[in-house]
Amino acid sequence: MSAAVPSITLNDGKTIPQLGFGVFQIPPDETAQAVNTAIELGYRHIDTAQGYRNERGVGEGIRASGLDRGQVFVTSKLNNDAHEPNEARRAFAGTLAALGTEYVDLFLIHWPLPTRNGGDFVTTWRTMIEFLRDGRARSIGVSNFQIPHLERLAAETDVLPAVNQIEVHPYLTNEAVRAYGRAHGIATEAWSPIAKGRVLDDPTVTRIADKVGRTPAQVVLRWHIEHGDIVFPKSSSPARMRENMGLFDFALDAADSAALSALDRGDAGRTGPHPDTFEGRPRN
Ligand SMILES: NC(=O)c1ccc[n+]([C@@H]2O[C@H](COP(=O)([O-])OP(=O)(O)OC[C@H]3O[C@@H](n4cnc5c(N)ncnc54)[C@H](OP(=O)(O)O)[C@@H]3O)[C@@H](O)[C@H]2O)c1
């Protein structure tokens, strides 16, 4: 790691490393090794989910590192089939058991599922608040929430999400949702920050990478960092894990940053489902 990873202070006063390691699609039996390697390389923030089926490996990888639990920030997410309060309580206990820890640093509702359960993600959010109050979730947040969903939580409960984890990359800048977060103190976490690799051979990205002497992935991840968002690129390669940490000893100029933002394709740029219509099946 060439320079220290900055921390972001959340609206509940907790801090989160701005760069982490995502483990979506890392097979369960390879996750402990991948997480252990990431920690050896300097990552101190791991993003998993019940739906990834690899929480157990995340816990094993952290324990194998020899670091204290408090030195690694761990996020997990409530699965789409567990929004009903008793299901959520059972699923959250399952997360802690699988991770082998007494708390998670951050627990998220994975998808709002506005077309399921009568669109009642507010009751699910109230159950999340129980986990916050009893200390087993140090922070709570949401994922894939649109502005109307966030407005409902604000109107109907007294706890705002600490983060909203949404798809963001140069092909989907998701600026309106990000701006709502900025205005209301909800940090944005950008998932699929390199669009699962799809932006890396874009001519604008490669031109800027050549100009600044960095890789395409580093240029795109730096763009996110300069926006103030939190990112956790996934890689199964130690070399690319290391590459994805090399973000803190260079900067983009305003023109290059604007050129990356101008690649936005709106909804056509999505690599994942649309949050307004996604029904949560299959697991995601
Ligand atoms: N909340 C949600 O609904 C949601 C949805 C999707 C993702 N996420 C989270 O966001 C994390 C990251 O998203 P993601 O995994 O979908 O996509 P991503 O991080 O944008 O891209 C991962 C892909 O890019 C490749 N890659 C990584 N670094 C690279 C580099 N330096 N150069 C070239 N290729 C590189 C990886 O291949 P290799 O492994 O071969 O390096 C992998 O195929 C996930 O792991 C998960 O934690 C959340």
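The model is predicted, so local features need pLDDT of at least 70 and side-chain atom pairs count only at pLDDT 80 or more, while totals for chains, interfaces and linings use all residues. Residues are numbered from 1 along each chain as its sequence is written, and side-chain values use heavy atoms, with hydrogens and water left out.

**Helix α6**

- Helix α6 spans residues 175-184, where a helix is a DSSP run of H or I with at least four residues, a strand is a run of E with at least two, and both are numbered from the N terminus.
- V177, R178, Y180 and G181 of α6 are buried, meaning under 20% relative accessible area, with exposed being over 50% and partly exposed in between (1.4 Å probe, protein chains only).
- These four residues lie on the same side of α6 because they cover an arc of only 155 degrees around the axis, taken from the directions from the helix axis to the C-beta atoms.
- The exposed residues A176, R182 and A183 sit on the face turned away from that buried side.
- The cover over the buried residues includes α5 (147-156), β8 (163-167), β9 (187-191) and α8 (216-227), judged by contact, that is, heavy atoms within 4.5 Å.

**Around the ligand**

- Among the 28 residues around the ligand, D47, K234, S235, S236 and R240 come nearest, where near means that a heavy atom of the residue lies within 4 Å.
- An N or O atom in the side chain of S192 is 2.8 Å from an oxygen atom of the ligand.

Technical notes: A polar contact is a pair of N or O atoms within 3.5 Å; within protein, one must be able to donate a hydrogen and the other to accept it, and residues adjacent in sequence count only if both atoms are side-chain atoms.
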